[in-house]
Amino acid sequence: MVALPLTRLTHEVEFIKKDEIFIVANRNHPVMQFAHKRKDSPYCWIDLQDTAPFEYILSDYDTILGSTSRRQFQKAGMKPIAYNTNISADLGASMARAGLGLAFTYHSCAEDYPDTVYLSIGEEGVFLELALAHPYSTYQSKAALALGKVIREVFA
């Protein structure tokens, strides 16, 4: 599995799905006063600039969530409050669920917890395209083909 667009790989790719990037928050976090309901989705959305007064828990720059979140902050013209900036995505989401700040996660990683809210970034959301990649015209083992089949089924 890779995130598109490919920057360094020269492989054959097969688009699998778009995965939304969410802001993770505790249901009682003060950021919730800025959340907007959606008619067509169970998820609320938030304007990133409304989150400026609140602390973020961020993944490192060299991760997809870390670089994507920082691009979104730059696009919104804001510098986030962040003291924990080298945290794994899972730990960041756990800290956010506990009310220690806001973090980012993928829709595909969002787990159902009673006190957790997942917020779309902006009304349209921010998405990452996921694909399967394999070298051009090379042999693929039965195990690789089976794994590809399972991935397609899970994300269908």
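Along the sequence, the secondary-structure elements follow the order β-β-β-β-α-β-α-β-β-β-α, which amounts to three helices and eight strands, where helices (H or I, at least four residues) and strands (E, at least two) are DSSP runs numbered from the N terminus. The model is predicted, and local features therefore require pLDDT of at least 70 and side-chain atom pairs count only at pLDDT 80 or more, whereas totals for chains, interfaces and linings use all residues. Residues are numbered from 1 along each chain as its sequence is written, and side-chain values use heavy atoms, with hydrogens and water left out.

Taken along the principal axes, the C-alpha atoms of the chain fill a box of roughly 55 × 30 × 25 Å. Of the 156 residues, 39% are buried, a class defined by under 20% relative accessible area, with exposed meaning over 50% and partly exposed the range in between (1.4 Å probe, protein chains only). When contacts (heavy atoms within 4.5 Å) between residues at least 6 apart in sequence are considered, 77% join residues at least 24 apart.

Helix H1 comprises 13 residues, 64-76, and spans 18 Å from its first C-alpha to its last, close to the 18 Å expected at 1.5 Å a residue, the expected span being 1.5 Å times one less than the number of residues. The buried positions of H1 are Leu65, Gly66, Thr68, Ser69, Arg70, Gln72, Phe73 and Ala76, and these residues pack against strands E2 (12-26), E4 (55-57) and E8 (126-134), together with H2, E6 and E7. Within H1, Ser69 counts as buried because its relative accessibility is 2%. Beyond its neighbours within four places in sequence, Ser69 is in contact with Leu58 and Phe104, while the C-alpha atoms of Ser69 and Glu55, 14 residues apart in sequence, lie 13 Å apart in space. H1 is followed by Gly77, which has a positive phi near 70 degrees.

In helix H2, the buried residues are Gly92, Ala93, Met95, Ala96 and Arg97, and their cover includes E2, E4, strand E5 (81-84), E6 and E7. A positive phi, of about 90 degrees, is also found just after H2, at Gly99.

Strand E3 (residues 44-46) contains Ile46, which counts as buried because its relative accessibility is 0%. With residues up to four places away in sequence not counted, Ile46 touches Ile23, Val31, Phe34, Ala35, His36, Thr51, Leu119, Ser120, Ile121 and Gly122. Ile46 and Asp62, by contrast, are 16 residues apart in sequence and 25 Å apart from C-alpha to C-alpha. Tyr43 lies in the loop between E2 and E3 and counts as partly exposed, since its relative accessibility is 22%. Leaving aside neighbours within four places in sequence, Tyr43 is in contact with Phe22, Arg38, His107, Tyr118 and Ser120. The C-alpha atoms of Tyr43 and Asn86, which are 43 residues apart along the chain, are separated by 27 Å.

Grid points are joined across faces, edges and corners, and a volume is the space filled by probe spheres set on the points. A search of the whole structure finds one cavity of 30 Å³ or more, and the largest cavity has a volume of about 40 Å³. Its lining is formed by Ile57, Leu58, Ser59, Leu65, Ile87, Ser88, Ala89, Gly92, Ala103 and Phe104, with helix H2 (89-97) and strand E6 (103-106) as the elements that give two or more residues. This lining has seven nonpolar, three polar and no charged residues, where Ala, Val, Leu, Ile, Met, Phe, Trp, Tyr, Cys and Pro count as nonpolar, Asp, Glu, Lys and Arg as charged, and the others, Gly among them, as polar.

The second largest pocket has a volume of about 240 Å³ and is lined by 13 residues, of which Arg27, Pro42, Thr116, Val117 and Tyr118 lie nearest its centre. Strand E7 (residues 116-121) gives the most to this lining, with three residues, and the lining of the second largest pocket divides into eight nonpolar, one polar and four charged residues.

Terms used:
On a 1 Å grid over the protein atoms alone, a cavity is a set of points where a 1.4 Å probe fits but cannot get out, and a pocket is an open set with protein on both sides within 12 Å along at least five of seven lines; lining residues have an atom within 4 Å of a point.
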